[in-house]
Amino acid sequence: MIPAAFDYYRPKDVEGVIALLQEHGDDARVMAGGHSLIPMMKLRMAEVPHLIDLQDIAALKGITIDGDTITIGAMVTQHELINHDGLSAAAPILSEAALQIADPQVRYMGTVGGNIANGDPGNDMPGLMQCLDAQIELLGPEGTRKVAAREYYEAAYMTDREDDEVLISVRFAAPTGGYSYEKQKRKIGDYATAAAAVQITKAEGRVATASIAMTNLSDVPVWSEDAGDALVGTTCDAEAMKAAVAAMLGDIDPTEDNRGPVAFKRHVAGIILTRAITRAWDRA
Amino acid sequence: MFDKMHIKMNVNGEDHEFLAEPRDLLIYALREKLNITGPHVGCDTSHCGACTVTVDGKSVKSCTMFVAQANGAEITTVEGIGQPDALHVLQESFREHHGLQCGFCTPGMITRATKLLEENANPTEEEVRFGMAGNICRCTGYQNIVKSILAAASELNSAKEAAQ
Ligand SMILES: Cc1cc2nc3c(=O)[nH]c(=O)nc-3n(C[C@H](O)[C@H](O)[C@H](O)COP(=O)(O)OP(=O)(O)OC[C@H]3O[C@@H](n4cnc5c(N)ncnc54)[C@H](O)[C@@H]3O)c2cc1C
Ligand code: FES
Ligand code: FES
């Protein structure tokens with residue numbers, strides 16, 4: 001499979017990227033790890049006459065933990081997420097999720113920024129970022145702006161990012177309490193049939209806060225405020241979990257595909273969320 | 001437009017320079033321009049791992065990397081890991097423990113396993129299975145591949161101890 005021909009650029013700074021994006025408009029696209037984009041180009045589902053490789057841009061790399069604020073550069077790979085000691089302590093849900101993405105080879109190349117920017121409902125980072133209430137930082141010709149991950153996704157492959165903007169980083173407060181990323185997939189390297197990201201805090205034996213986001217169960221990731229609310233104030237008993245699952249099922253809208261019919265996906269979503277809540281509560 | 005690029009890369013310790021279209025995939029540049037045919041094309045869709053090579057210290061499926069991305073890189077293929085008359089411990093171990101049958105997946109397996117043992121010299125069976133999850137084998141059923149890698153790990157570790 002041979003993709004359509006393109007001109008290749010490897011700028012050294014983001015300003016160079018923005019200049020190329022402005023010059024070539026719709027015909028230009030950035031590439032991070034290429035592990036979503038290259039397969040699409042090989043299938044000729046994406047044609048990119050001007051391909052801008054971000055690998056040399058130092059400003060997009062690096063993880064910083066400043067007090068309780070965590071910032072992850074767009075070009076940080078899934079492999080780096082998993083192997084960063086500080087991060088595994090400050091936000092263990094990230095490595096738990098990243099370890100369930102694809103396989104070792106893909107994780108060396110696939111980046112946080114590419115995973116968030118891609119807009120494929122099957123990507124795992126978007127739901128995770130919604131669970132963590134992350135802010136996505138974008139840089140365009142007019143400067144930088146921030147968008148909440150919970151507001152970023154519009155439809156499959158459609159996000160709030162303009163064509164001439166680059167995703168710079170994601171930032172969120174270090175989560176507290178218990179966490180879990182649960183994913184049901186058909187085999188290693190597969191996208192989720194259903195996945196759930198859960199963070200729960202506990203006070204006096206009851207749920208103080210709960211944040212719940214689901215992956216690959218709609219054309220966008222789904223942060224279910226109602227599902228979280230159903231847990232707050234409860235002891236996270238079976239009844240509370242049932243209510244959370246019911247609320248979540250009201251927010252998702254899966255479609256039938258090679259991972260199964262709608263009824264099956266809704267069934268799996270319920271089981272995965274129940275497991276995720278149970279584990280997060282145990283750890284809270 | 002779409003001019004060929006001047007590519008420089010070091011493969012298995014040797015410097016190479018050649019012209020290529022940016023869209024050429026690394027696997028085809030290695031196989032067809034440099035005649036390095038150890039890495040195989042199994043699926044061409046980033047699933048099987050037969051094309052695995054090491055690029056600047058990362059295990060990479062070379063069917064999913066443009067040659068332009070690897071411009072300036074240091075690359076290791078199975079040819080750089082051992083020689084027919086001086087096999088690497090992993091290669092010897094695959095032979096000893098029947099870690100291959102048809103051998104098609106083996107270059108990718110060996111290349112990936114080398115990196116795995118570099119990062120985790122003493123893996124458990126589960127860690128080997130998880131670390132090799134990007135490599136598919138249609139013949140062996142994996143049992144003997146895992147055995148081969150575990151045996152190679154303990155051999156490498158005893159050699160290290162003996163050297164100390
Ligand atoms: C076999 C296989 C299995 C996989 N399984 C999973 C899985 O289970 N879960 C999962 O989440 N992912 C999976 N992936 C996808 C993988 O994680 C991708 O690498 C990731 O989704 C995209 O990251 P990337 O760095 O490769 O981005 P690229 O492929 O380089 O880019 C993806 C898109 O994002 C855009 N983009 C990238 N970076 C930026 C930026 N900084 N600013 C603006 N736009 C940007 C690109 O223009 C492109 O449109 C799998 C991939 C493969 C090949
Ligand atoms: S040929 Fe590259 S992963 Fe199969
Ligand atoms: S030995 Fe035949 S595919 Fe692995």
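Domain bounds here come from an automatic or database domain assignment. For chain B that assignment gives domain 1 (5-80) and domain 2 (89-163), while chain A is divided into domain 1 (7-51), domain 2 (60-173) and domain 3 (191-283).

Before going on, some ground rules. This is a predicted model, where local features need pLDDT of at least 70 and side-chain atom pairs count only at pLDDT 80 or more, while totals for chains, interfaces and linings use all residues; side-chain values use heavy atoms, with hydrogens and water left out. Residues are numbered from 1 along each chain as its sequence is written, and chains are lettered from A and ligands numbered from 1 in the order in which they are written.

## Chain A on its own

Let's start with overall shape. The C-alpha trace of chain A spans about 60 × 45 × 35 Å along its principal axes. Its radius of gyration is 19 Å, which agrees with the value near 19 Å that a compact globule of 284 residues would have. (That radius is taken over C-alpha atoms, and the globule rule is 2.2 Å times the number of residues to the power 0.38.) Chain A holds 12 helices and 14 strands. Helices (H or I, at least four residues) and strands (E, at least two) are DSSP runs, numbered from the N terminus.

Now for two of its domains. The C-alpha centres of domain 1 and domain 2 of chain A lie 19 Å apart. In contact (heavy atoms within 4.5 Å) are 10 residues of domain 1 of chain A and 15 residues of domain 2 of chain A. On the domain 1 side, Val14(A), Ile18(A) and His35(A) lose the most area to domain 2 of chain A, together 39% of what that side buries. Buried area means the accessible area (1.4 Å probe) that two parts lose on being put together, summed over both.

What kinds of residue make up the side of domain 1 of chain A that touches domain 2 of chain A? They divide into 5 nonpolar, 4 polar and 1 charged. In this scheme Ala, Val, Leu, Ile, Met, Phe, Trp, Tyr, Cys and Pro count as nonpolar, Asp, Glu, Lys and Arg as charged, and the others, Gly among them, as polar.

A salt bridge is a side-chain nitrogen of Lys or Arg within 4 Å of a carboxyl oxygen of Asp or Glu. A polar contact is a pair of N or O atoms within 3.5 Å; within protein, one must be able to donate a hydrogen and the other to accept it, and residues adjacent in sequence count only if both atoms are side-chain atoms.

| Interface | Buried area | Carbon and sulfur share | Salt bridges | Residue pairs in polar contact (both at pLDDT 80 or more) |
|---|---|---|---|---|
| Domain 1 and domain 2 of chain A | about 1100 Å² | 74% | 0 salt bridges | 1 residue pair |
| Domain 1 and domain 2 of chain B | about 1100 Å² | 57% | 0 salt bridges | 6 residue pairs |
| Chain B and chain A | about 2600 Å² | 62% | 2 salt bridges | 14 residue pairs |

## Inside chain B

The centres of domain 1 and domain 2 of chain B, taken over C-alpha atoms, are 22 Å from each other. Their contact takes 18 residues from domain 1 of chain B and 12 residues from domain 2 of chain B.

Between these two domains of chain B there are 0 salt bridges. On the side of domain 1 of chain B that touches domain 2 of chain B, E3 and E4 of chain B each supply at least two residues. E3(B) has the largest share of that side, 3 residues. The residues on that side divide into 6 nonpolar, 11 polar and 1 charged.

## Where the chains meet

Here, 35 residues of chain B are in contact with 35 residues of chain A. Arg23(B), Phe66(B) and Gln69(B) supply 24% of the area that chain B buries against chain A, more than any other three residues.

Which residue of chain B forms a salt bridge with Lys42(A)? It's Asp44(B), with the closest N and O atoms 2.7 Å apart. On the side of chain B that touches chain A, the elements giving two or more residues are strand E4 (58-61), helix H3 (106-119) and helix H4 (125-131) of chain B. E4(B) gives the most, with 4 residues. That side of chain B divides into 13 nonpolar, 13 polar and 9 charged residues.

Over all chains, the salt-bridge count comes to 18. Lys42(A) lies in helix H2 (residues 37-42) of chain A and Asp44(B) in the loop between helix H1 (26-33) and strand E3 (52-55) of chain B, so this pair joins two chains.
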